Amino acid sequence: MRRRIELAEDKILPQGFGSCLRAAMSVDLFVECANEGQEMALERFLEGVADCGQRGHKEALRVIWDCCSYLGGFEDELKPELLVDLCFRLAFAADVTVSPEADANAIVAKLESEHDGACIPLENSLRQFGQKGLVQKEQFFQWAELMAPQFSSTLSTFIHNLLFHTKYTQHHLNFVPFQYPNLDQISSIFGGVHCSNLFALAATSPLMGGKWHNLYSFEYHGNSMNRLQHSILGYCGPTVMVIETDQGHILGAFLNTTWKKSKDFYGDSNAFLFQLYPTLNLFNPVGNQTNFVCLEDGLGFGGTKDLPRLYIPASMEGCNAGVLDKTFQEGELLPPESLEKFNIKSLEVWGVGGEAMIQKGLKARESHRALTDSTLYQARVIKDKSSFVKDINLLDGSLYKHLEDARGRAEFRVDEKHGGYALDRDQ
């Protein structure tokens, strides 16, 4: 454990972080009181630990801010880069402290290769809440609440792992541990230059961390609305749809509902839309309408049936991503130069929320498919065969009724000698 802590302190966390954390947690008071033999020392130390997570995310955000303030020279305004960098490193360090086989060189290489890609969308997002490239404490708190609810959990998870040396304990936690998404299949979106964007996405919701199960992707299932619908219909539980455009932008939607084909909108207030790259932006429900998702010929989110906020037509070409509707918060799903239009380079749908939720969702999808197959089979069975028997009666069935209709017409008769029909014409 000591080797892992030294690795985190020397190679992962910012220089001087330990001293800044002690100051932010006020544990200097612990040392002072301990030297004087006062019993309140341990109590004060535990209060400082609780501030890092057990007292809620706002206290943890306060500790993060104070640490960065000390690192940045006790300024009242901070650069977004400083705050995002610290939390990205804390997430790395949290994993290292519970990884006995941690390879120092591999971890440092991964940290350096993913740093910019992971941090840039969050930095761009936080910068929007400040002025002149700087943010104040309350602006930072507001941003984390709206755009990155799991941001504070990077510190809380690090402190928890540091104290208990394991990811799993029996005691009650007042926070959801921060987890990197663990994809069970290679992603064409997150497998290349955008692999580090998963850190930003994990900060948006507790359900984004942990295992991801691929339900649909262009590469594995085919570029088809029918294949997309077949892959997701019946699945019950949290899912995230991620789209990469042909211009390299990333956007998508999160739902926690059962996928079904319907001419009407459905879903619940857990849904949100997002832009992930180049800037992280979340658009949560505003409560004016409940037009969360509509899956019929095409797939739409928000807006109306005639003009959804985010829309993928049946052809999966010429898609739309609007700025305003009455279901979700206002804002750009794409950079302004896109003019609210895009073409899909890649599209993926993932089941998220952890192993138990994913298995429940897959069972629901299996049941839906079994019911659909049974319905189709029943539709093919001919229950009343009387009309069928009548049609195949060669003597007087309706199949040859035209023979009798033809008989008795002067100009049209059956040619029994040569077979077939003969037509008598007037001379």
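Reader: Is Asn105 buried or exposed?
Author: Asn105 is exposed, its relative accessible area being 65%; buried means under 20% relative accessible area, exposed over 50%, and partly exposed in between, with a 1.4 Å probe and protein chains only. This is a predicted model, in which local features need pLDDT of at least 70 and side-chain atom pairs count only at pLDDT 80 or more, whereas totals for chains, interfaces and linings use all residues. Residues are numbered from 1 along each chain as its sequence is written, and side-chain values use heavy atoms, with hydrogens and water left out.

Reader: Which helix does Asn105 lie in, and how far apart are Asn105 and Lys11 in space?
Author: Asn105 belongs to helix 7, residues 104-127, where helices (H or I, at least four residues) and strands (E, at least two) are DSSP runs numbered from the N terminus. From C-alpha to C-alpha, Asn105 and Lys11 are 9.4 Å apart, although 94 residues separate them in sequence.

Reader: And helix 6, what does it reach from first C-alpha to last?
Author: Helix 6, residues 80-96, has 17 residues and reaches 25 Å, close to the expected 24 Å; the expected span is 1.5 Å times one less than the number of residues. Because 14 of those 17 residues are buried, helix 6 is largely enclosed by the rest of the structure.

Reader: At what angle do helix 5 and helix 9 pack?
Author: Helix 5 (residues 57-71) and helix 9 (residues 153-164) pack at about 90°, with their axes 8 Å apart. Axes are lines fitted to C-alpha atoms, for helices over the stretch in contact, and angles run from 0 to 180 degrees between N-to-C directions. The two helices are therefore roughly perpendicular to each other, on a scale where under 35 degrees counts as roughly parallel, over 145 as roughly antiparallel, 65 to 115 as roughly perpendicular and the rest as oblique.

Reader: Which residues make that contact?
Author: Helix 5 contributes Ala60, Val63 and Ile64, and helix 9 contributes Thr154, Leu155 and Ser156, where contact means heavy atoms within 4.5 Å.

Reader: Switching to the open sheet, what is its strand order?
Author: The seven strands of this open sheet come in the order 3-4-14-5-6-7-8, with mixed pairing, and two strands pair if DSSP finds at least two bridges between them. Strand 3 (181-183) and strand 8 stand at the edges with a single partner strand each, so one side of each is left without a neighbour in the sheet. Neighbouring strands are turned by 30° against each other on average, direction ignored.

Reader: Which strands does helix 12 touch?
Author: Helix 12 (residues 225-232) packs on the sheet against strand 4 (210-217) and strand 14 (344-351), and its direction makes about 140° with that of strand 4. Helix 13 (residues 355-380) also packs on the sheet, touching strand 4, strand 5 (236-245) and strand 14, and its direction makes about 30° with that of strand 4.

Reader: How does strand 14 pair with strand 4 and with strand 5?
Author: Strand 14 is antiparallel to strand 4 over four bridges, and Tyr216 stands opposite Val349 in strand 14. With strand 5 the pairing is again antiparallel, over seven bridges. Seven of the eight residues of strand 14 are buried, which leaves the strand mostly covered.

Reader: What stands opposite Thr239 in strand 14, and is Thr239 buried or exposed?
Author: Gly351 stands opposite Thr239, a residue of strand 5, and Thr239 is buried with a relative accessible area of 1%. Leaving aside neighbours within four places in sequence, the contacts of Thr239 include Leu215, Phe254, Trp259 and Trp350.

Reader: Why is strand 7 largely enclosed?
Author: Five of the six residues of strand 7 (residues 272-277) are buried, so the strand is largely enclosed by the rest of the structure. Strand 7 pairs with strand 6 (residues 250-258) in the antiparallel sense over five bridges, and there Phe274 is the bridge partner of Gly252.

Reader: How many bridges join strand 7 to strand 8?
Author: Three bridges join these antiparallel strands, strand 8 being residues 281-283, and Gln275 stands opposite Asn281 in strand 8. The hairpin joining strand 7 to strand 8 runs through three residues.
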